[in-house]
Structures are given as structure tokens and as C-alpha cells.
Amino acid sequence: MKGLKNKIIALLLLSFVVSGCANTTNETAGFKTGDDIKLLDNIKMDYDNAIFDDFANGVNKSNWYIGNQAWGGGNGGVIPANVNYTDDGVLVFTANGKYYSDNDVRGVGDVKDGRYTGAAIISKFKVRSGRFEVKMKVLPRQGACTAFWVYANDTQTGANHEIDIELPGGNIERPVTFENVLNTNYITEEFRQSQDTKMSSLYEDGKEVYLNDGEWHVFGFDWYTNPELVVYYVDGKVTAVSDIFVPFMESRLWLGCWFPVTSSFVGTAEFEKDNMYVDYVKYIPFLNQPYEEFDPPISGYALENEYPTSPIPVPNINKISNGTFENIASLNIGSALANEVEVYGWHLTKKLSEDKNLEEVVEIIDGVGFDNSKALILKDGAVVYQTIDSVYHNFKYDFSFHAKGKGRAIVAFYGKTTSETLDTITINIDEEDLTLFTKELIAPQNCQSIMINFDTSDGNSLLIDNLSLLNK
């Protein structure tokens with residue numbers, strides 16, 4: 001196999017990163033996006049050395065490291081505490097976003113309070129050309145990157161051999177969205193190709209596909225070194241094909257979710273916590289494919305006593321951040337002249353017609369909520385709202401909350417921006433006692449996000465607690 005130096009010399013005419021949006025007209029080496037995935041002719045699989053792991057008994061210490069490291073800045077890294085498994089053999093990766101407030105984990109990056117912490121596993125076995133596949137439910141919120149990748153970095157030569165499937169996509173064509181998947185392959189940081197594919201383009205009828213829909217999806221890629229080719233696929237459909245910047249070094253297989261430095265990559269992590277789920281991972285080497293021997297180093301990983309030892313119940317994630325208000329010690333409104341503040345995901349403001357200071361019309365009080373817990377109190381024109389990203393057509397939720405007093409809850413469904421209101425639902429509240437309110441929400445066509453809003457009018461007050469938004 002040619003060395004990296006010779007390959008770089010051969011690519012000197014390419015002085016820029018190749019990137020673009022895949023579509024059904026792209027065709028490389030006989031593969032076209034939207035085709036059913038298939039192997040190249042004469043390729044044989046090495047089943048004797050294949051790896052299949054369905055995580056029935058958790059994380060196999062013989063197969064996997066659990067990541068305990070950070071890369072880049074502005075995040076807490078990937079940590080062992082965020083890796084778990086369920087009774088039915090599903091691996092659970094937790095990501096704690098910007099509004100995380102439980103204080104039950106610590107980060108290993110430059111953010112130490114548990115925010116911006118993800119999870120990853122790394123193969124102890126080395127991999128080379130072959131078929132790589134994972135069945136998973138992606139982490140459904142922006143700001144955290146769900147990824148499945150092979151990686152080898154040689155600091156002596158500058159080689160950075162990597163093949164990535166990353167979600168959400170859309171960072172090339174905009175906006176960031178789970179309607180797209182991003183496929184990238186590197187041989188160095190400078191020599192790489194990224195292809196940003198809209199899933200609906202793979203189907204002749206242009207059917208809607210949202211990869212954060214809570215369903216299982218199968219992601220994979222076939223990595224060839226003779227000929228040099230990477231063929232990516234989702235649910236059996238080819239999403240991208242690359243015959244440039246194809247890695248050839250032995251690597252390790254990675255899987256997990258992490259928080260990039262820049263929001264332009266996968267958006268902003270405006271959530272408390274959420275999970276990605278993995279059913280299985282499969283790797284089948286190809287026979288008679290050339291490769292360069294290499295032993296990829298691992299810089300940070302869990303001790304054996306940090307592996308999960310017992311299953312957890314399947315979590316049901318509340319999409320509303322800090323909906324119980326229990327972890328909010330103070331609203332910290334600060335200046336009496338403040339017109340709006342953000343506290344753990346909640347935006348606190350007031351109607352422009354009200355002349356009272358914000359700290360006079362919104363507060364958290366202990367012992368008055370559901371089961372004598374904390375609750376949020378709105379008075380005299382106060383308004384509180386929170387936005388949930390990546391909500392698409394026909395997504396269904398159970399929305400519930402406890403409230404008493406007089407005011408209203410308004411659910412607004414938005415298009416690409418919050419100035420594009422597609423629909424609203426109003427729930428009027430006029431109760432002397434704490435009352436449970438429930439409502440099924442179904443996102444309309446072209447929806448991208450929703451806003452949960454509560455307000456009250458001059459002379460009235462409204463208590464709210466236990467806000468919940470759960471996937472149907």
C-alpha cells in the first residue's frame with residue numbers, strides 16, 4: 001500500500017476541502033445515492049473475524065473501552081457515568097446539554113459541572129476495510145453530535161484517517177436538521193470530503209424521513225481500499241459515495257454522542273438531557289483488501305470498575321428542561337431593570353404594558369407545588385416560555401402540567417424560524433386548586449420546533465409545576 005506521503009503528493013492539486021450535498025444524480029463507481037446497498041463484485045467477507053455485539057449483558061469489557069476523555073474546548077467530554085444498558089440489551093448513551101442541573105456527574109473537559117457531557121465506546125479490536133453497521137435511535141436534539149466512526153491518528157506523520165456518520169446533518173446546506181445525514185472521510189484534516197444528504201432525496205416519492213423520529217434506523221458504510229471507495233447507507237439506501245481521501249490505516253471503531261465546540265456544526269444544545277440508544281453493532285472485514293498496519297492509541301478510558309454492572313429501566317425523556325423547577329435554587333434575575341432573563345431553559349419576561357420589575361412578577365416558591373414541591377409563580381403580566389427544537393411533521397407528544405390560578409398555556413408550532421407560526425393551541429386556566437392539565441400535540445406540516453408559553457394578566461397570578469412533554 002502506498003504511504004501517506006505519496007498520497008498527499010498526488011493530491012496537492014486539491015487545495016480545498018471537498019464538500020457538498022448528495023442527491024440522486026450522484027454516481028461513483030457504479031453506486032448512486034438512493035440505490036439499495038450492495039457489495040462490489042468479487043468482494044468476500046471474513047466472517048471468521050467478524051464482530052457482532054447486541055449488548056445483551058451490557059458493555060463487553062473484552063470488546064470495548066468506555067471513553068473518559070474530551071477533545072476540543074467548551075464541553076465536558078465523554079464520561080463513563082453516561083453509559084448504561086437496559087434489561088433487553090439496549091445500550092443507552094446520555095447527553096447532558098446546556099440546561100443540565102442534576103449535579104450528579106462531573107465533566108472531564110474544561111466544563112466540569114456535568115453540562116455538555118456525552119458518552120462513547122471505542123473498540124479494543126482494530127478494524128480495517130469491511131462493512132460497518134449500527135442499529136440505533138439517534139439523540140434527538142440539536143447541539144450534540146450522534147456519531148459512528150472509524151479513527152486512526154498518527155501524530156508522527158500527520159495522518160488522520162477517519163470515516164464518519166454524523167447527525168444531525170444540514171450543516172452544509174442549512175439549516176441543521178435531522179432530515180439530513182452527514183458523511184465524511186479523511187486522510188488528514190486538510191484532505192477530506194463531506195457529503196450532506198437529505199434523506200427524502202433517496203426515495204422516488206420524496207417521502208418524509210426524520211432520523212430523530214424515535215424509531216430504529218440502521219446506519220452503515222462499506223470501506224474498500226481496492227478500489228478506494230467508501231459507500232455510506234441508511235436503512236439499506238446509499239446516502240453518499242466517496243472515491244477520494246479514502247483511509248487505508250488500521251483504525252478503531254467509535255460510537256457515541258459528544259458536544260462539538262461550534263454551534264454551526266450541529267446546532268446549540270438547548271436541552272437538559274436526552275439519550276441515544278443502540279441495539280447492535282456489526283463489523284465484518286473484507287478479505288484480500290490492502291491496509292497499512294497501525295496501532296491507534298487511546299488516551300482516556302474507564303477503569304473496569306466504572307463499567308455499568310446492572311441494567312436500568314428504559315428512560316422516558318421529558319423534552320421540557322427543568323419542568324419541575326426542583327433544581328433551580330434561585331431565578332437570579334439580577335438588575336431590577338431586567339426585561340428578560342434565561343434560567344435553566346426558561347425565558348422569563350413580562351408584557352410590555354406592565355410597569356412592575358420582572359423580579360416582582362415571577363418567582364420560584366418551595367412547598368406550594370405538586371406534593372409540596374417547588375413551583376413557578378407568575379403574576380401581573382409575567383410570561384415564561386421554552387422552545388424545543390427538531391420537532392417535525394406528525395411528531396406526537398403527551399403534554400401535561402399542574403396549575404392553579406388564572407392564566408393560559410399556549411403551544412406554538414414554528415417553521416424554519418419563530419416568526420413563521422404554523423399553528424397554536426391555547427389552554428385556558430382558571431382553577432382554585434392545583435389541577436392536572438393534559439393535551440396531545442401533533443406537529444403540523446413543515447414544523448421545525450415548538451414553544452411552550454405560559455402567561456397571566458394584570459391583577460392575576462398563575463402557579464405552574466410538573467411540566468412534561470413526552471414522545472407518544
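A: Here is a quick run through those topics.

Q: Ground rules before we start?
A: This is a predicted model, where local features need pLDDT of at least 70, side-chain atom pairs count only at pLDDT 80 or more, and totals for chains, interfaces and linings use all residues. Residues are numbered from 1 along each chain as its sequence is written, and side-chain values use heavy atoms, with hydrogens and water left out.

Q: OK, what is phi at N288?
A: Near 60 degrees, a positive value in a residue other than glycine. N288 lies in the loop between strand 19 (273–285) and strand 20 (340–343).

Q: N288: buried or exposed?
A: N288 is exposed, because its relative accessibility is 74%. The cut-offs: buried is under 20% relative accessible area, exposed is over 50%, and partly exposed is in between (1.4 Å probe, protein chains only).

Q: And what about phi at D380?
A: D380 has a positive phi near 50 degrees, and is not a glycine. D380 sits in the loop between strand 23 (375–379) and strand 24 (382–389). At 12% relative accessibility, D380 counts as buried.

Q: Stay with strand 23. How many of its residues are buried?
A: Four of the five, so strand 23 is largely enclosed by the rest of the structure.

Q: Which strands pair with it?
A: Strand 22 (residues 362–365) pairs with strand 23 in the antiparallel sense over four bridges. Strand 28 (residues 461–471) also pairs with strand 23, antiparallel, over four bridges. Pairing requires at least two DSSP bridges between the strands.

Q: What stands opposite L376?
A: I364 stands opposite L376 in strand 23. L376 also stands opposite I464 in strand 28.

Q: New topic: strand 9. How many of its residues are buried?
A: Seven of the seven residues of strand 9 (residues 117–123) are buried, so the strand is largely enclosed by the rest of the structure. T117, A119, I121 and S123 are buried on one side, and G118, A120 and I122 on the other.

Q: Who are its neighbors?
A: Strand 5 (residues 64–66) runs antiparallel to strand 9, with three bridges. Strand 6 (residues 77–78) pairs with strand 9 in the parallel sense over two bridges. Strand 18 (residues 252–258) is antiparallel to strand 9, with four bridges.

Q: Which residues does I121 face across those bridges?
A: I66 has I121 as its bridge partner. I121 also stands opposite L255 in strand 18.

Q: Charges now. How many salt bridges?
A: The count is 18, where a salt bridge is a side-chain nitrogen of Lys or Arg within 4 Å of a carboxyl oxygen of Asp or Glu.

Q: Which residue does D222 bridge to?
A: R131, with the closest N and O atoms 2.7 Å apart. This pair links distant parts of the chain: D222 is in strand 15 and R131 in strand 10 (residues 130–137), 91 residues apart. Both D222 and R131 are buried.

Q: What does K379 meet?
A: K379 and E363 form a salt bridge (3.1 Å, N to O). K379 is in strand 23 and E363 in strand 22, 16 residues apart.

Q: And D455?
A: D455 forms a salt bridge with R408, the closest N and O atoms being 3.0 Å apart. D455 is in strand 27 (residues 449–455) and R408 in strand 25 (residues 396–414), 47 residues apart. D455 is buried at 5% relative accessible area, while R408 is partly exposed at 32%.

Q: Which residues are linked in a network of salt bridges?
A: D398, E440 and K472 are linked that way.
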